[in-house]
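Student: Hi! Could you walk me through this protein so that I learn how to read it?
Tutor: Gladly, let's look at it together.

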Amino acid sequence: PMKRPTGWIPNPQAMALVSRDVEFSGDPRLGAAVDPDTWLTPKYLLSQLGEFDLDPCATEKNRHWVAPRSFVRADDGLTAEWAGRVFMNPPFSNSVPWLQRHAEYGLGISLVPASVESRVWREFVWKKAKAVLLLHGRTRFCNHDGSSTQGRPLRSNTLIAWSDADAAVLQASGLAGVLLTLGVEWLIIFH
């Protein structure tokens, strides 16, 4: 067993807030300071999910990585007008309002940490999702230049389908993981 320092309490949220910039050794044209909250979805995942119309959480350097229409941070994709099938990989340090918005919108797929016990999952995901694919292992994301990141998220990730059509896409995707569908009513017990 691993020995932890005395008084050490694991807190991923606090660890994520410690530093907003990290040194990046990828493409030198992109600069050295990269926001660690901005990791691109790997193409192998996207290629299994079909075409999307909108990415509300795009990066300035890769606006069209996911979809022909996108919003970057300056556009405020959270409050902008969404249209069509949406793929969303929100900032993991603040995914709650993004998940709420996608649940209310009801079309597309979200890629988020598998925080299945959290309030946002209880209030929005479990009540409105049509399917949840708990991805096998830890997702290796991409840097702005398309190269694979060195780090991996602290938690496993999940794909959430917000419509019946998107649930069918997850089921047909062939991605490794555990697929939970709304074919049978979710059993939700709150205390």
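**A helix and its surroundings**

Tutor: Let's begin with α5: what covers its buried residues includes β6 (108-113), β7 (131-135), β8 (157-161) and β9 (177-181). Keep in mind that this is a predicted model.

Student: Which residues of helix α5 (residues 164-172) are buried?
Tutor: Look for residues with under 20% relative accessible area, since that is what buried means here. In α5, the ones that count as buried are D166, A167 and L170.

Student: Around the axis of α5, what arc do they cover?
Tutor: An α-helix has 3.6 residues a turn, so residues three or four places apart point the same way. The buried D166, A167 and L170 lie on the same side of α5, because their arc around the axis is only 105 degrees.

Student: Which residues are exposed on the other side of α5?
Tutor: Exposed means over 50% relative accessible area. On that other side, the exposed residues are D164, A165, Q171 and A172.

Student: Which residue follows α5, with a positive phi?
Tutor: Step past the end of the helix and check the backbone angle. The phi there is positive, near 80 degrees, and the residue is G174.

Student: Of the 191 residues of the protein chain, what share count as buried?
Tutor: The same cut-off applies, under 20% relative accessible area. Across the 191 residues of the protein chain, the buried share is 42%.

Student: Is H102 buried or exposed?
Tutor: H102 sits in helix α3 (residues 96-105). Leaving aside neighbours within four places in sequence, its contacts include W82, V86, M88 and W162. The relative accessibility of H102 is 0%, so H102 counts as buried.

Student: And G77, what is its relative accessibility?
Tutor: G77 belongs to the loop between β4 (69-70) and β5 (86-88). Not counting residues up to four places away in sequence, G77 touches P56, F71, V72, W82, W98 and R101. G77 counts as buried, because its relative accessibility is 2%.

Student: How many salt bridges does a search of the whole structure find?
Tutor: Side chains of opposite charge can pair when their charged atoms come close. For a salt bridge, the nitrogen and oxygen must be within 4 Å. A search of the whole structure with this rule finds four.

Student: In which helix do E123 and R119 both lie?
Tutor: The side chains of E123 and R119 meet in a salt bridge (3.1 Å, N to O). E123 and R119 are four residues apart, about one turn, and their helix is α4 (residues 119-128).

Student: Which residues do salt bridges that share partners join into one network?
Tutor: R63 pairs with D75, and the side chain of R63 also meets that of E60 in a salt bridge (3.6 Å, N to O). The network therefore joins E60, R63 and D75.

Key:
Residues numbered from 1 in each chain as written. Predicted model: local features only at pLDDT ≥ 70, side-chain atom pairs only at ≥ 80, totals over all residues. Heavy atoms only, no water. Helix = DSSP H or I, 4+ residues; strand = E, 2+ residues; numbered from the N terminus. Buried < 20%, exposed > 50% of the residue type's maximum accessible area, 1.4 Å probe, protein only. Contact = heavy atoms within 4.5 Å. Arc of directions from axis to C-beta.
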